[in-house]
Amino acid sequence: MTTVHKVRKVGLAAARAFVEARAGIVLDVMVPEHFEQRHIPGAVQACVHEVVFCDAVAALAPDRSVPVLVCGAGAGSLDGRMAAEKLLRQGHTDVRWFAGGLEAWCAAGLPLEGSAPHARLDAHPPVVMPDGRHALDAAASVIHWTGRNDNGAHTGTVDCAGGALAFSGGHGQGGLRIDMRSIRDRDIADDALRPVLESHLASDDFFFVTLFPQATLEDMVLTPLRGATATTPNYRLTAHLALRGVRGKLAMNVAVRRIDDAGGLALAGHCDLDRTRWGVLYGSARFFRHLGYHRVDDAISLDFRLVYAPADAR
């Protein structure tokens with residue numbers, strides 16, 4: 001018979017009494033670099049975001065009857081509650097969740113340990129793009145495509161040929177060139193069948209690359225999104241896509257991130273492109289009747305990550 005134990009949510013006074021009485025294990029569940037800087041005196045650390053969290057706790061608290069006070073970042077952060085629930089599922093019988101977390105402990109002026117106990121670090125500093133020009137690193141950039149039909153899907157890549165971004169006051173402008181001759185399938189294992197599909201995509205049925213070897217993203221504007229977090233898109237991208245001789249408007253939310261100390265940037269996003277807007281009509285039931293097995297979905301999914309380096313570094 002399994003006994004179900006509930007997480008005991010405790011406040012600052014109860015957490016302080018637990019720590020001062022050394023009533024059990026004080027478990028800090030934040031990332032190790034944060035724990036190294038500041039933590040509750042006597043606490044031990046196991047990061048709840050690590051896949052080995054439960055193993056780490058088992059090593060720290062092999063006796064699952066010992067009381068555990070779980071401390072996370074504080075109000076609005078689910079790390080402490082998530083850790084407490086995991087411990088209960090692992091069979092710990094006395095789990096106390098200090099809901100106010102380290103934030104409440106610090107606000108009360110209680111003692112701290114660590115290399116920088118009085119530092120007040122922003123949990124996720126705002127992503128601010130520095131002013132300056134950036135050139136595309138085509139070799140490090142990738143565009144993945146997915147096309148679908150009644151029988152499933154094909155996936156592949158197409159290469160970037162070049163591009164640039166310029167930021168001023170947090171707003172960006174730029175352009176991108178795509179080498180349509182590089183379109184490749186990545187899901188067909190048969191070496192004889194794969195070139196057949198690739199030739200089909202390159203033909204006048206689809207992208208007509210002999211006549212239109214490049215696609216371009218022109219007049220690209222990046223506008224900051226209000227309320228963006230460190231894990232959500234933070235810019236609205238608008239542009240004109242020139243593909244197969246047709247120029248049409250494109251808009252989507254994207255994530256722009258700083259990726260190294262040298263000033264590198266990455267622009268990542270996803271969109272579903274209605275290919276028929278750019279004259280790619282093959283297999284579309286909106287334009288042909290009695291297609292049989294030649295039906296192809298109008299939407300092509302694009303997933304991309306474009307990498308940029310400061311222009312003066314190239």
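**Stop 1: a charged network**

Select R275 and D298: they form a salt bridge, with the closest N and O atoms 3.9 Å apart. A salt bridge here is a side-chain nitrogen of Lys or Arg within 4 Å of a carboxyl oxygen of Asp or Glu. Strands (E, at least two residues) and helices (H or I, at least four) are DSSP runs, numbered from the N terminus.

This is a predicted model: local features need pLDDT of at least 70, side-chain atom pairs count only at pLDDT 80 or more, and totals for chains, interfaces and linings use all residues. Residues are numbered from 1 along each chain as its sequence is written, and side-chain values use heavy atoms, with hydrogens and water left out.

Are R275 and D298 buried or exposed? R275 counts as buried because its relative accessibility is 1%. D298 is buried too, with a relative accessible area of 18%. Buried means under 20% relative accessible area, exposed means over 50%, and partly exposed is in between (1.4 Å probe, protein chains only).

Salt bridges that share partners join D274, R275, R286 and D298 into one network.

**Stop 2: other salt bridges**

How many salt bridges does a search of the whole structure find? It finds twelve. Side chains of opposite charge can pair when their charged atoms come close.

Select D150 and R295. Their side chains meet in a salt bridge at 2.3 Å, N to O. This pair also links distant parts of the chain: D150 is in the loop between β7 and β8, R295 is in the loop between β13 (265–274) and β14, and they are 145 residues apart. R295 is partly exposed, at 37% relative accessible area.

Next, select D179 and R181. Their salt bridge has its closest N and O atoms 3.1 Å apart. D179 counts as buried at 19% relative accessibility, whereas R181 counts as exposed at 53%.

**Stop 3: a buried serine**

Go to strand β14 (residues 296–310) and pick S301. At 4% relative accessibility, S301 counts as buried. Which side chain makes a polar contact with the side chain of S301? That of R148 does, at 2.9 Å. A polar contact is a pair of N or O atoms within 3.5 Å; within protein, one must be able to donate a hydrogen and the other to accept it, and residues adjacent in sequence count only if both atoms are side-chain atoms.

Show the surroundings. Beyond neighbours within four places in sequence, S301 is in contact (heavy atoms within 4.5 Å) with residues including H144, W145, H270 and D272.

**Stop 4: aromatic pairs**

A pair of aromatic rings is described by the distance of the centres and the angle of the planes. The whole structure holds four aromatic pairs. Select F206 and F207: this pair is tilted, at 6.2 Å centre to centre and 40° between the planes. Both F206 and F207 are buried.

Move to F208 and F212. Their pair is edge-to-face, with centres 6.0 Å apart and 80° between the planes. F208 counts as partly exposed at 25% relative accessibility, and F212 does at 23%. Rings of Phe, Tyr and Trp (its six-membered ring) pair if their centres lie within 6.5 Å; planes under 30 degrees apart count as stacked, over 60 as edge-to-face, and the rest as tilted.

**Stop 5: the nonpolar core**

Select F207, V254, L267 and L306. Of the 42 residues in the largest nonpolar core, these touch the most other members. A nonpolar core is a set of buried Ala, Val, Leu, Ile, Met, Phe, Trp, Tyr and Cys residues joined through side-chain atoms within 4.5 Å.

Centre on L267. Sequence neighbours within four places aside, its contacts include L165, L222, V254, F304 and L306. Step across to L165 in strand β8. L165 is buried, at 2% relative accessible area. Leaving out neighbours within four places in sequence, L165 is in contact with G132, M220 and Y308, among others.

**Stop 6: helix α6**

Finish on helix α6, residues 194–202, where the buried residues are L197, E198 and L201. They are on the same side of α6 because they cover an arc of only 100° around the axis, taken from the directions from the helix axis to the C-beta atoms. Show β7 (142–149), β8 (152–168) and β9 (171–185), which are among what covers these buried residues.
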